[in-house]
Amino acid sequence: MPEEVPVLQVDGISKSFDGVEVVSNVSLKIHSGETISILGPSGSGKSTLLRCINWLEKPDRGDVYLAGKRVGRKEDDQLMSDHELASVRTQMGMVFQSFNLWPHFTVLQNVIEAPVHVLGVSKDDAVVRGEHLLEKVGLEAKRDAYPYSLSGGQKQRVAIARALAMSPTVMLFDEPTSALDPELVGEVLSVMRDLAAEGMTMVVVTHEMSFARDVCQEVVFMDDGQVVEQSTPDKFFSNPQTDRAKRFLTRYE
Amino acid sequence: MTDWEIVLKEWPRLASGFGTTLLLFGISAVGAFLLGALMVGPLRSRSKIVRIALRSYVDGMRMLPFLIFVYLLFYGLPTFGVKLDAWTAGLLGLTVYHCAYVAEILRGAWDQLPVGQTESAQAHGYHGLRLIRRIVLPQLVLNTAPVLGNQLIYILKDTSFLMIITVQDLTYAASSIQSMYFVPLEPFLIAMALYWAISLLIEGFVRVVHGTAKERGLGHA
């Protein structure tokens, strides 16, 4: 039986900043409906890896494939134009550590903005879907509020709705709860759990061990730019294979 | 006839000058804003040549007194076979001169904008002009309303230089009444009051935009 084409395939990605290699030769495969988490100490290159996936950082080497299609470069190895890259990015939702909602728009406007102005969805349709998504993240009452007036947890839930409004094939989360007060982490994780349960394909860079353990099918542990360990959460948390992972995990027990 | 009566009798002259000033100000303010906004992206271009060219333009304009620039446009260009009428030279001068300031104000504000704003826009499929128009520019304008308002007032006041190149604006009207009837004070007092009135309108507009910004947690820059 031929192997199913992964939704996302990362193939030998490397990235350096000022001569320091922060991601070295990382490869991953994520299949449809899977949620994987990328764990590791600060500075291990997790966020850079995630940003290389949608080419917010241009990888120095290696390739990313979205549903079998190469991202960032065309078949003849030429770089994609800004326009082509932008169109690929619409298929990958991204949620940032610092939310990055657009402050001049209301909550609902944030959610419908890109569907209307990038994808060309009619405003009426976008509003219907936007309201549905806000309901899903529990913020329908805040539709006309400005991001400024929201708590961090609410902002991040809007950011998730905004990314989902593009109907992406995969969602990338870059430490989505790291900037939140501890008591607000739960509301964001709960939205993410629901998403995973609905079968969304997700790549989550996180420090939330419980999320990695309970929700993910796979855990990728990075250190110093490299994938040190890659296994199921059961195996990783109960029986880590490397000393580095063991030392990392003792800090969270 | 008292001096005031003379000035009142000549009101059509003042009215026509005021109309000219308003028109010059309106068109060049809109033009300078649009051109300045168009330049803000290229000022941060990946291409060094584009960046250096625009930078030189912006700095060149800012180092040049407006009066000399307008002189050059009107009296200097004919030497090279380009003859502009006074209105065209005046409008062109105001627009091309002040758009450099607008571009610089907006560029500075963009440097202050969190990089996450453009990154989240890119992640949602924005690039190029659409990214600037929908995501960046509205925030830049909201963040710099008082400074942009100041620039509008400079544009308004610079229209008065254009009488030097025979544009019959408000200052020209006041000045011609003064020289016809030897009333040195009153026409200029009226002109002053009218400039002041437009400035107050600009201030009011700025206050509305600034209020809109504050409502969104912006405009602290």
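When residues get sorted by class here, Ala, Val, Leu, Ile, Met, Phe, Trp, Tyr, Cys and Pro count as nonpolar, Asp, Glu, Lys and Arg as charged, and the others, Gly among them, as polar. By that rule, the lining of the second largest pocket divides into 19 nonpolar, three polar and no charged residues.

Some ground rules: this is a predicted model, where local features need pLDDT of at least 70, side-chain atom pairs count only at pLDDT 80 or more, and totals for chains, interfaces and linings use all residues. Residues are numbered from 1 along each chain as its sequence is written, chains are lettered from A and ligands numbered from 1 in the order in which they are written, and side-chain values use heavy atoms, with hydrogens and water left out.

Chain B has nine helices and zero strands (DSSP runs numbered from the N terminus: helices are H or I with at least four residues, strands are E with at least two). Its C-alpha trace spans about 70 × 50 × 25 Å along the principal axes.

In the second largest pocket, α2 (11–40), α7 and α9 (186–215) of chain B each give two or more residues to the lining. The lining of the largest pocket has 13 nonpolar, seven polar and nine charged residues.

What about the contact between the chains? It takes 23 residues from chain B and 26 from chain A, where contact means heavy atoms within 4.5 Å. Together the chains bury about 2,300 Å², 55% of it on carbon and sulfur atoms (accessible area, with a 1.4 Å probe, that two parts lose on being put together, summed over both). On the chain B side, H124(B), R134(B) and R216(B) lose the most area to chain A, together 29% of what that side buries.

Three salt bridges cross this interface (a side-chain nitrogen of Lys or Arg within 4 Å of a carboxyl oxygen of Asp or Glu). E119(B) forms a salt bridge with R51(A), and their closest N and O atoms are 2.6 Å apart. On chain B's side of the contact, α6(B) supplies the largest share, seven residues.
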